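Thanks for coming. I will go through one structure today, starting with confidence, then the interface, then the salt bridges and the cores.

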Amino acid sequence: MRPILMKGHERPLTFLRYNRDGDLLFSCAKDHSPNVWFADNGDRLGTYRGHNGAVWSCDVSRDSTRLITGSADQTAKLWDVQTGRELFTFRFDAPARSVEFAIGDGLAVITTDNFMDNVPTAQVKRIAEDLDDQSEESLLVITGIKGRINRAVWGPLNRTIITAGEDATIRIWDTETGKCLKESDKEQGHQKTITSLSKSADWSHFLTGSLDKSAKLWDIRTLTLIKTYVTERPVNAVDISPLLDHVVIGGGQDAMNVTMTDRRAGKFEAKFFHKILQEEIGGVKGHFGPINALAFNPDGRSFSSGGEDGYVRLHHFDSDYFNIKI
Amino acid sequence: MALEISMEGIEARARELGVDLSTVDLDSITLPAGEDFGIPSDDEDFLRDDDPMELEMGFANIVVVDNLPVVPPEKFEKLENVIRKIYSQIGAIKEGGLWMPVNPETKKTYGYCFVEYNTPQEAELAREKTNGYKLDKSHIFAVNMFDDFDKYMKVPDEWMPAEIKPYTPGENLQKWLADEKARDQFVIRAGTFTEVYWNDARQKMPELVFQKQYWTDSFIQWSPLGTYLATVHRQGSQVWGGDDKFERLMRFAHPQVKLIDFSPGEKYLVTYSSHEPSNPRDTHRVVLNIFDVRTGKVMRDFKGSADEFSASGNISVSGVSWPIFRWGGGKDDKYFARLGKNVISVYETETFSLLDKKSLKVENVVDFCWSPTDPIIALFVPELGGGNQPARVSLVQIPGKEELRQKNLFSVSDCKMYWQNSGEYLAVQVDRYTKTKKSTYTGFELFRIKERDIPIEVLELDNKNDKIIAFAWEPKGHRFAVIHGDGPKPDISFYSMRTANNISRVSKLTTLKSKQANALYWSPGGRFIVFAGLKGFNGQLEFYNVDELETMATGEHFMATDIMWDPTGRYLASAVTSVHEMENGFQIWSFSGKQLYKVSKDHFYQFLWRPRPPSLLTPEKEEEISKNLRKYSKKYEQEDQDAFNQLSEQERKRRKQLQEDWEGWVAKWKQLHEEERPYRMELRDGEASDDEEEYDTKEVEVEEVVDVHEEEVPFELDQE
């Protein structure tokens, strides 16, 4: 499994996203321009220029026509995937971090950071089919969370929104009323900042990664803790294989704690765990800094990782991978 | 005790007072601040009764000076000045800390005064130094600690027979040795927890024996035979042991104790503290106590300035070479000795006084060490007078103090002594200057202690200029290993004190070239050795069989900082302790280099195998067992197999269970997914496809002009 190195960013990667067909890979980084790549051979197709700050996350619509990005320049932008044209800008008074389209792509949830005097929020915007109808108005604003929200995603049938972040708590919110329905258990749940959250292909369960050096698998409807995967380093990125019962977990020591020259020192490995047995299967090394982003191709036959080192590494699995016995 | 108040008593009292108990919410009662109504708190704060830290807040730093002249008011000031002068020499007197009471009727002093210092240590020193001080013929100071007055007042005037306590059988302190599965214990300290585990190699994980938070204030230590676990606190040291519950067996009060050391036979415990002087120009004051471990009695204490106790600084632990007292004479704890200026002071433990009432005089001695088994001291005196007087190593027999053997050495720059653990051999590593004095080279002087006249043999390495990185004797054996060489990949050589046809001749067994190693760890049983590349070498481990001269396995515990064999030589632990934040934890290996299991712990400070006392079997019996090992091991092999089968059976069951649980979840999700399908379709504007590949593939050909470029291409006919 020789990885394809994709060098298109000058700053650390922040987020990776495949489109539904699995032929395009979108990458966000702390430089201001998200890129789109061919997911098969790693050729760069284009760049979305227009942001004026680090881009924290993105999402692509089901038909791969539109891209939404959230940035530290206090905006979220809609783009035309094919032409790279900027379609619309949502302005906020704090950096926008997590973005996601809802089922049907008619809605998007965008989170804003606690910045200056602003409390962190998760806001629901209507995404109009016709650009002329597009407005900046929020349908719903979720507040009441202390500490940054690192990820907010839609639950089944757009009825709920799930948030996770600095306060180490996962919450499920009602999208009709904006009320908090469920909170993760303090004992069972994460002990430190949740850095990442990734849903299974059918949106039935999701995986969270935390600086407490663990990743946890939860039922999306009941918020029941199903599995815990323990690693040796802070977790920055997680994803669930859509094909096999595997999960991938990446991270590494904070750059400030890494004084060693040896790249093994920080454990910048993407670790694979068996989803059900919670046992480690193997690891993929290569990055020279912590892994900040991970994504499985929707076909489950390749995955990519984005690191603090500014590289995206695209890995196609060998046939051995599909025959792993544990 | 609060618990002894019976409910009936309370009810009776309540009736007496006319209180209806059922209307009283007992939990709402709070006691006034500072009042406990004689009800002791449940939170047992150990060592409270003799907690000198608490006394420091009280009167421990006050001395009472008696037998002063009784003076009228005119002379009051003069006397006060005299006293102030005497007592401020010892330490700074607190502001307003000198108080001489005056009789209000006669206006004369009472003939005593109080002096208050900043620390109890200074007060103690003042008492020591000025008690019996002659101011003049009729006034001889009687100085006492203020706190002692209480104690003396309590002494009853009439003699009372001592109360004889009934005998209570103690716990079996050796219980861990009787483990059915013959496992070994180890203790770890991580975060605020101290935990004792069985090393259960069969189950491939440790089994918790006992765990306690905040068990120690600084570190933990096993006694040399494994009977006690010592913890160190501000107020002193404590030892724990017994059955699996690790009850406190004894405590040893020693305020601000820093270092502790057991005697090899674990009869005595030496504690050390050093106190900052109130006058920064003074040196630190050092206090050493030697306790009897079983009775808790102070057998002898030593006090003095730090200078007196650091005559030489070879192994420096926070400014002192520890242990200050080195125990000699094997497991009987008969002697202990300390290095002084031009002397070695040898004490014996019968009376805890100097042997023959005087120290062993050795001009300029810088280092000494005891034979591990016999009362023999090896000492080293460096070169003197610019090389006119040679350096020397000599062996001195105790208690006779006669020199058994001496060897003069020339142009020596440094010298290290290594005893073989059964006291048969002594290796002296000598660094000598070359002729130009610009560099040094190393050789060994090997002493055969058990042979007649103690023959000495000189051994030089093949390459004399190699630096010696590590040296280690084979425990109970006749071989030793040396890491030598310059540069990042040194060589490792093995030597034997015997050759095939002459048992008193040293010979080289082999040299292994270019090894990534900087430390040697012999198995306690000998025969096997691990070369480790710690710290700079990232934790490379090589397991080597010295009988066969072959490598059994290599391994790596990335960034390992410590390597420890278990006392039986069956397992090896490698650990990354909290010298840095990363990778903290430990791994257990088999003696042959198979990694058995691994545990990660944040803030991992200590890993210590519990030592075992020496075997009680005679050498003949041991010989017999090793001859018939097959017979004995059969039983254990069967147990191993059973455990293994059981483990795999359990594992199979566990996996099956997990798989079934998971399938339960999946089935539920599938059902919900189906139920939600119509709603989902609605959300997608009636688009039928849910997640299946139902969309049509359209082939669209798009031609895009990327760039138009015009270029003149010169056409040359004669290019061919």
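Predicted model: local features only at pLDDT ≥ 70, side-chain atom pairs only at ≥ 80, totals over all residues.

A word on pLDDT before anything else: pLDDT is the predictor's confidence in each residue, on a scale from 0 to 100.

Residues are numbered from 1 along each chain as its sequence is written, chains are lettered from A and ligands numbered from 1 in the order in which they are written, and side-chain values use heavy atoms, with hydrogens and water left out.

Confidence, then. Chain B has an average pLDDT of 83, and 88% of its residues score at least 70. Which residues of chain B stay under 50? One stretch is 43-56, for which the model has 18 contacts beyond four places in sequence. Another is 312-319 of chain B, also below 50, with 15 contacts in the model beyond near neighbours in sequence. For the complex, the predictor gives an ipTM of 0.87 and a pTM of 0.68.

Now the interface. Its size is often given as the accessible area lost when the parts come together. Here buried area is the accessible area, with a 1.4 Å probe, that two parts lose on being put together, summed over both. Between chain A and chain B that comes to about 2,900 Å², and carbon and sulfur atoms give 55% of it. Chain A puts 35 residues into the contact and chain B puts in 31 residues.

On the polar side, seven residue pairs are in polar contact between chain A and chain B, both residues at pLDDT 80 or more. A polar contact is a pair of N or O atoms within 3.5 Å; within protein, one must be able to donate a hydrogen and the other to accept it, and residues adjacent in sequence count only if both atoms are side-chain atoms. On the side of chain A that touches chain B, strand S20 (214-219) and strand S21 (225-230) each supply at least two residues. Helices (H or I, at least four residues) and strands (E, at least two) are DSSP runs, numbered from the N terminus.

How many salt bridges does the rule find across this interface? Five, between chain A and chain B. The rule asks for a side-chain nitrogen of Lys or Arg within 4 Å of a carboxyl oxygen of Asp or Glu. One such pair is A:Arg221 with B:Glu676, with the closest N and O atoms 3.1 Å apart.

Over all chains the count is 49 salt bridges. A:Glu232 and B:Lys598 form one of them, with their closest N and O atoms 3.1 Å apart. A:Glu232 sits in the loop between S21 and strand S22 (235-240) of chain A, and B:Lys598 in strand S44 (residues 595-600) of chain B, so the pair joins two chains. A:Glu232 is partly exposed at 22% relative accessible area, and B:Lys598 is partly exposed at 41%. The cut-offs are under 20% relative accessible area for buried, over 50% for exposed, and partly exposed in between, with a 1.4 Å probe and protein chains only.

Within chain B, B:Arg202 and B:Glu639 meet in a salt bridge at 3.4 Å, N to O. B:Arg202 is in the loop between strand S8 (193-200) and strand S9 (205-213), and B:Glu639 is in helix H8 (residues 629-683), so the pair ties together parts 437 residues apart in sequence. B:Glu457 and B:Arg505 also meet in a salt bridge, at 3.8 Å, N to O. Here B:Glu457 is buried at 12%, whereas B:Arg505 is partly exposed at 46%.

Last, the cores. A nonpolar core is a set of buried Ala, Val, Leu, Ile, Met, Phe, Trp, Tyr and Cys residues joined through side-chain atoms within 4.5 Å. The largest has 21 residues, and those touching the most other members include B:Val65, B:Tyr87 and B:Tyr117. Its largest share, four residues, comes from H3(B). A second, separate core has 18 residues, among them B:Val412 and B:Met417.

Methods
Contact = heavy atoms within 4.5 Å.
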